[in-house]
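Subject: Structure handover

Hello,

Please find the structure below, for you to keep open while you read. My notes on what was found in it follow.

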Amino acid sequence: MYWANFLHFYQPAEQQPDVLETIVVQSYRPLIEGIKKLKRVSITLNINGTLLELLDTYGYKDIIGDLRTLGKEGRIEFTSSVKYHALAPFLHEEEIIRQVRMNDETSKFFLGDSYKPQGFFPPEMAYSEELPAVISSLGFKWIILDEISCDGYVGHVDYKKIYKVAGSNLLVFFRERRLSNLIMSAVVRSRESLLEAMKEDMQNGRYVVTAMDGETFGHHRPGLEKMLFDVFAAPEFELIKISDIPSYYKEIKEISPVKSTWASSRKEIEENTQFLSWSDPENVIHKWQWKFTDLVLKEVYAMNKNHPRYDLVRKKTDLALSSDHFWWASAKPWWSLEMIEVGAYRLLDTIRHIPDVSNDTLEEARDYYEKIITTAFNW
């Protein structure tokens, strides 16, 4: 059976150095060493440009060098993404294009010729109907989504076929949620348990796609990185990259994926709350965060691009659009007052650096900031 595994490496652009060091030691280095040692492993990897910059800034050049080497050897294929981990369905088309191009420029700088992305990973696998046209226009051949985006149900993907987004040439590969979750939760932790989980599928000629956060292994779940390579060593599976799948499976089916993320439930899709962790209609902080974001973007777009402060404002805007502070305000169940404040301050700081903003607009921005922080403290 062919198995394509996808890992996503990401840390916020201004992650604390001590936290980054912990993740490097617990997760990134062990994972990369495991790939180097187990020659049969081939994976598809997303690592955002912001993380590559962090690794370089704080001296983890061995990580970058190993990734570059594994890419040249064909053991790792890299995907593209939006650089600052913004939720693509919430961005204007020009913002998506800007962040993808920045991400590719940064990744090419650090990874060299090994960075030749054919595929695109939207952060959180967040998908909307407008995304394929933008991704196709940038030259990508495929996108990876969660299987719930196939008809809005888990279990509807035929893993003996290749899927193409209707009305485009963009292929779509669906992450198998059940097996991905079984591995992340350590229910599958050996060749035997993997075969047991897949026993109904082993003889039907299908392929497997799993996708997980890389930090799960060793950082969020200590020791799980060792289990991952025990599972990868199972000889019954041939480990391939996602871009290899069309070499083995030729039948193509057109599909119109539904709005979703890799955490969406069927109930959320039915209720049109697929993005609940970032935009909950019952969460007043989310409401203010997005109104604040719209206010800032309106002023950014009105700014003269030739102004000497424009590049600084754009960099601050990029940081402010990160999905992190929205997610940490969800409180279902994850919660961080610090991250909420950081996000709100970035928005306020951005608009304060834009020249000639009216006093009324600045007052409105301060009001959003104060409401977000005061409510978060009360919660």
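In these notes, buried means under 20% relative accessible area, exposed means over 50%, and partly exposed is in between, for a 1.4 Å probe and protein chains only. Helices (H or I, at least four residues) and strands (E, at least two) are DSSP runs, numbered from the N terminus. The model is predicted: local features need pLDDT of at least 70, side-chain atom pairs count only at pLDDT 80 or more, and totals for chains, interfaces and linings use all residues. Residues are numbered from 1 along each chain as its sequence is written, and side-chain values use heavy atoms, with hydrogens and water left out.

Helix H2

Helix H2 covers residues 49-57, and its buried residues include Gly-49, Thr-50, Leu-51, Leu-52, Leu-54 and Leu-55. After H2 comes Gly-59, with a positive phi near 85°.

Aromatic rings

Rings of Phe, Tyr and Trp (its six-membered ring) pair if their centres lie within 6.5 Å; planes under 30 degrees apart count as stacked, over 60 as edge-to-face and the rest as tilted. The whole structure holds 22 aromatic pairs. One of them joins Phe-78 and Tyr-115, a tilted pair at 6.3 Å centre to centre with 40° between the planes. This pair links distant parts of the chain, 37 residues apart: Phe-78 is in strand E3 (residues 76-78), and Tyr-115 is in the loop between H4 and strand E4 (119-120). Phe-78 counts as buried because its relative accessible area is 2%, and Tyr-115 is buried at 5%.

Another pair, Phe-109 with Phe-110, is edge-to-face, at 5.0 Å centre to centre and 85° between the planes.

A charge sits over a ring if NZ of Lys or CZ of Arg is within 6 Å of the ring centre and within 35 degrees of the ring normal. Arg-266 lies over the face of Tyr-153 in this way, at 4.0 Å from the ring centre.

Most residues other than glycine have a negative phi, and most peptide bonds are trans. Ala-186 has a positive phi, near 70°; this residue is in the loop between helix H6 (177-184) and helix H7 (191-197) and is buried, with a relative accessible area of 7%. Ala-331 also has a positive phi, near 60°, and is found in the loop between H13 and H14. At 37% relative accessibility, Ala-331 is partly exposed. The peptide bond between Lys-332 and Pro-333 is cis, with omega about -5°, and Pro-333 is in the loop between H13 and H14.

On a 1 Å grid over the protein atoms alone, a cavity is a set of points where a 1.4 Å probe fits but cannot get out, and a pocket is an open set with protein on both sides within 12 Å along at least five of seven lines; lining residues have an atom within 4 Å of a point. Grid points are joined across faces, edges and corners, and a volume is the space filled by probe spheres set on the points.

There are two cavities of 30 Å³ or more. The largest has about 40 Å³ of space, and its lining includes Tyr-10, Thr-50, Lys-83 and Arg-346. The second largest cavity also has a volume of about 40 Å³. Its lining includes Ser-322, Asp-324, His-325 and Met-339; helices H13 (324-327) and H14 (337-352) each give two or more residues to it, and H14 gives the largest share, four residues.

The largest pocket holds about 1400 Å³ of space. Of its 37 lining residues, Glu-124, Asp-213, His-220, Trp-327 and Trp-328 lie nearest its centre. H1, H6, strand E8 (207-213), H13 and H14 each give two or more residues to this lining, with the largest share, four residues, from H14.

Regards
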